[in-house]
Amino acid sequence: MLKKWMFLSLILISFLTVAQTSTDYFKILKDSLKQQNNFSEYIYAHLDEFVKKPTTENLNILKTVENSLWRNPKTTIEATALLYYYVNYAYYLKKMGFINESVIHYEKAYNCYKKNKIPNYDIVEYCLKPLANNYTRLGDADRAEDILKIYIEQAQKNKNKKHLVSGYSNLSIVLRTKGEIFKANKYLDLALELTNSKQSKSFIYSNIAINYLLINDLKNAEKYVSLSSKLNVENDLKITVKNETTLGRYFFEKNKLDKALHHFEKGFKNAKTIFGKNDREVAKVMLQIAEVYKRQNNYDQSLFWYQQSISILLPKYSPKNPNTSFFYPENTLKEAFDARSIIFSEIGDYESAIKNYELAFLIENELRATYLTQNSKLLQQQENRDRSEKCIELCNKLYIETNEVKWIEKAFEFAEKTKSAVLLEAKELAMEKTLLKNDSIFIKEKNTLFEKAQLNKSIALEELKGENANINVLSKLTLKRDEAFNELQLIKEQIRIKYPNLSTQNNDETLLIELKEKLIKNNELIIEFFDGTNNIYVFSISKNEPIKLHTIPKSEKLINEINHFLSFFEDSRGVKLQNNIQQYKLLGYQLFRKFFKAEPYKNVILIPDGLLSFIPFDALLTKETEDVNFGSLPYLIKSTTINYSYSAKIALQNLKTADKFTNDKILGFFPIFEHNYRGLTELDFTLKEASNIKNVINGDFFIKSNATKNNFLQNSHLYPIVHLSTHALAGDNYSPPSIEFYDETLYLPEIYGYNLQTNLLVLSACETGVGTLRRGEGAISMARAFSYAGVKSLIVSLWKVNDKATEILMTDFYKKYKKSENKSASLHNAKLEYLKNDEISSLKKSPYYWASFVYFGDSIVDDKKTFYIEWLVLIGIIFAIGYFLLKKSRFDSK
């Protein structure tokens, strides 16, 4: 026995000695190569050492390379070594599940390749293709699409059919994730035309089958699975897994659950063989199996399989002791938590459902942090919106069951999670970066963002030409945008390393407390709408009362009433409203009673949502009336001042943004467009508007040919107030919103690259507050774009405004603002003044003329002005008391 232990000890000592010797040898080798200034071999030595044992633990060998390099590459050979390092490190990061870090290093590889002009390296196959796949997996489809288009163009130049087939196939997958199925199939058809390989066709047919499945064309889905399986002559298990899961979905949709389970289990078995039992692809098949059990109402088995899927992706995670510190961006993980929530909802365990939804939100936060394109964030926002709605419904049920107000508070938190979250993130990060604005890295980021925004605009305008678009122009623009994206991703990584704590920090649990302490005054009420699929939820928050929630069933009748009410403001002269005053009064009162369960406070911060974003709440009627005089109708504006906000968090965030201006001068733009210049209608009353405003408030005014876009860009950051009196369009699904300067059009995509510090932007133009609705984010309007670019508060319009009425309203607004410096109250009082004006006819007092303009922003009176007012009030009180005492003493003496 003793001999046996001695023998084992000798073996262990020998092993440790060898291991120690190996480690020492590598350290000696590294030091030696560094002393020799051998840049290339230093990198290759690390790669060789890692490849001996390519494990997650040993990734540290590659991680240390970048920081230990003592200089930049000087020759093409050295640059090539660095390129190999980036590509290999990115490959292994991806293989081991570190997708976000993998993206960064593929982007570094791409940058290294371009910067050093490295010859004879297939950057397309070894870098761009896997990089695009990474972005697709993360959900950043726009970036993936740009990369693959460059990949395809390069393959076309090189006449490389294999790469073209691969490029078309991968692009089809990206388009599928965007929901563009028919376009995806078009690219797969192009791929089929270029290949004679049975194996390649098998892969393409498997993807076509999935696409048909997604549009519920089950017959074609089954047909193409069959074709794919017949052509899979090499028995590629990756294709087999894909086909088995597609057949599983096919039978699942037909509700043949036993057959569905049979195919999913076959797919699961093959997935473990080809990918290994701990791979993401295995977890995805497990989700499908869990879904079958759920459909069979076998909730225990379903929860088991969902949990097993989570365990593969998060080995250290336990539902009993949840630690979220190691969560990472992974769509499959998010799907598993969402699915568990649905089951808990169905079995009545609402609290567990909410907890799982909250975990899914955490994964979404990780995913959003990886996105560079706003469109990807907006697409994600729509998905998050569905989750928010489910959570609000659950909280409402728990409130009804328990009567505990904490569930309404929780419901409000969920409403805010997806309330203009993309806009909020942009504003918060901009505020944080403002404190560090002198750092060259932020100046570089600002310039690159501006360049990207210009390219977005140019691409959007070229694409608007449809079949007449210049392919070569689009190709060059896409390549330039790709370079800007690459630069931004690397800048983003540098900022992350240099400022690790620079991020948006939102504590949802303290939101209500902050609102009551910092935002709401005693005479104010916040009303926040959440426009859901089945209900409209209305939250009411005041200073000294618990939060309230009332639910409005979203019936077809209600939707018709809202649309009918909005239709009164659609025609360009307000004729429809004038001719249908009885219908207007009826709907105006009915909607008021539905939206406001109690009489609103004197001051309301109103946060609209969905279709409600277009309603002129000022023009709702608070009473039934037989009156037909537009000027004397009981409008809500007569009892309540309304400030609009995109979200409660944005309203709070505005308070934190300090005004940097020491003057109150205005910068005005009045292009006029005399003689219908550039085909735009002449604005007859705009010159008078400019003259009136100039007589009221100090400033600089660019009129007629001086009202150029360049003058706006050069001067707008110097003034606290900017006024644009011009033409604007809301855009549609084909063209972006826009606003006109004398010389050219400013399109919405371009504004996202601006960095504006304007305190108040007055958009005295048509439809600046409306645009295409994006669920959760609201109307993608000119107003939102300027807010995204840093503008603190805005006055915007909800429809095509009347030139003369606008001139009157704007003149009165500035008169009142000059006295009070309260932006919201000034607009409110200007509207009331318009209604009282005896020189304006009753017909011209229709809400069409005065209710279009709304104010987004704070209602805080300037501190300095408030100080003076308070002192004047105090002095007045002192004089009154003194006068009273003096009279009293005289009376007593008598």
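Helix α14 (residues 280-295) and helix α15 (residues 299-313) have axes that come within 8 Å and cross at roughly 170°. That makes α14 roughly antiparallel to α15, a label for angles over 145 degrees. The model is predicted, local features need pLDDT of at least 70, side-chain atom pairs count only at pLDDT 80 or more, and totals for chains, interfaces and linings use all residues. Residues are numbered from 1 along each chain as its sequence is written, and side-chain values use heavy atoms, with hydrogens and water left out.

**Helix pair**
- Axes are lines fitted to C-alpha atoms, for helices over the stretch in contact, and angles run from 0 to 180 degrees between N-to-C directions.
- Helices are DSSP runs of H or I with at least four residues, strands are E runs of at least two, and both are numbered from the N terminus.
- Contact (heavy atoms within 4.5 Å) involves residues of α14 including Met286, Leu287 and Tyr293, and residues of α15 including Trp305, Tyr306 and Ile312.
- The contact residues divide into 12 nonpolar, 4 polar and 3 charged; Ala, Val, Leu, Ile, Met, Phe, Trp, Tyr, Cys and Pro count as nonpolar, Asp, Glu, Lys and Arg as charged, and the others, Gly among them, as polar.

**Strand β8**
- In strand β8 (residues 721-725), 5 of 5 residues are buried, meaning under 20% relative accessible area with a 1.4 Å probe, protein chains only.
- Ile721, His723 and Ser725 point one way from β8, and Val722 and Leu724 the other way.

**Pairing of β8**
- Strand β6 (residues 666-670) runs parallel to β8 and is joined to it by 4 bridges; pairing requires at least two bridges found by DSSP.
- Ile666 has Ile721 of β8 as its bridge partner.
- Strand β12 (residues 760-764) pairs with β8 in the parallel sense over 5 bridges, and Val762 of β12 is the bridge partner of His723.

Key
Parallel < 35°, antiparallel > 145°, perpendicular 65-115°, else oblique. Buried < 20%, exposed > 50% of the residue type's maximum accessible area, 1.4 Å probe, protein only.
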